Amino acid sequence: MGKIKGCGNESCEAHKKKITYKESEAFCSKCGSPLVYVCKDCYTQLPDYTEKYCVRCLAKHEDRKNKAKKVGGGALAVGCVILTFGKKALDVAKKIKG
Ligand SMILES: [Zn+2]
Ligand SMILES: [Zn+2]
């Protein structure tokens, strides 16, 4: 996926409507301003356009990815623990009760 551009002119219709342009385009078709790289999510102008998203949105996306991983791995780990230690845990519970 390519990066996207947007109009950096805050008073321009394209900027207000968050209209995006292809990377190959250089100027805004509404006002003629030079296009800038913008965040795919929030249209914030990107000073460093090595990423498709601004720092904030990038963090949000990474967060979501990590959470998905954690949930999947966590459930698996819990399952293993129950399988491995389930019996022992039961014994311990009995001892505590008794
Ligand atoms: Zn414009
Ligand atoms: Zn953003």
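User: Why is Lys17 called exposed?

Analyst: Lys17 has a relative accessible area of 56%. Exposed means over 50%, buried means under 20%, and partly exposed is in between (1.4 Å probe, protein chains only). So Lys17 counts as exposed. A word on the basis: this is a predicted model, where local features need pLDDT of at least 70, side-chain atom pairs count only at pLDDT 80 or more, and totals for chains, interfaces and linings use all residues. Residues are numbered from 1 along each chain as its sequence is written, chains are lettered from A and ligands numbered from 1 in the order in which they are written, and side-chain values use heavy atoms, with hydrogens and water left out.

User: What makes the contact between Glu13 and Lys17 a salt bridge?

Analyst: The distance between their side chains is 2.9 Å, N to O. A salt bridge is a side-chain nitrogen of Lys or Arg within 4 Å of a carboxyl oxygen of Asp or Glu. The pair therefore qualifies. Glu13 is partly exposed, at 39% relative accessible area.

User: How many salt bridges does the structure hold?

Analyst: Three. Among them is Glu62 with Lys65, at 3.3 Å, N to O. Asp63 and Lys67 meet in a salt bridge at 3.6 Å, N to O.

User: Where do Glu62 and Lys65 lie?

Analyst: Both are in helix α2 (residues 55-97), three residues apart, about one turn of the helix. Asp63 and Lys67 are also both in helix α2, four residues apart, again about one turn. Helices are DSSP runs of H or I, at least four residues; strands are runs of E, at least two; both are numbered from the N terminus.

User: Which backbone oxygens does the side chain of Lys5 reach?

Analyst: The side chain of Lys5 reaches the backbone oxygen of Glu23 at 3.2 Å. The backbone oxygen of Glu25 lies 3.0 Å from a polar atom of that side chain.

User: What makes the site of the zinc ion (ligand 1) tetrahedral?

Analyst: The angles among its four donor atoms are 103 to 114 degrees. Four donors count as tetrahedral if all angles lie between 85 and 135 degrees. So the site is tetrahedral. Its protein donors are Cys7 (SG), Cys12 (SG), Cys28 (SG) and Cys31 (SG), 2.3 Å from the ion. Donors are N, O and S atoms within 2.8 Å of the metal (3.2 Å for Na, K and Ca); water is not among the atoms, so sites may look incomplete. Cys28 is buried at 4% relative accessible area. Cys31 is partly exposed at 34%.

User: Why is the arrangement around the zinc ion (ligand 2) called tetrahedral?

Analyst: Its four donor atoms subtend angles of 105 to 116 degrees, which makes the arrangement tetrahedral. Cys39 (SG), Cys42 (SG), Cys54 (SG) and Cys57 (SG) coordinate the ion at 2.2 to 2.3 Å. Along the chain, these donors follow the spacing C-x2-C-x11-C-x2-C.

Technical notes:
Polar contact = N/O pair within 3.5 Å; in protein donor to acceptor, adjacent residues only side chain to side chain. Tetrahedral: all angles 85-135°; square planar, octahedral: opposite > 155°, others 65-115°.
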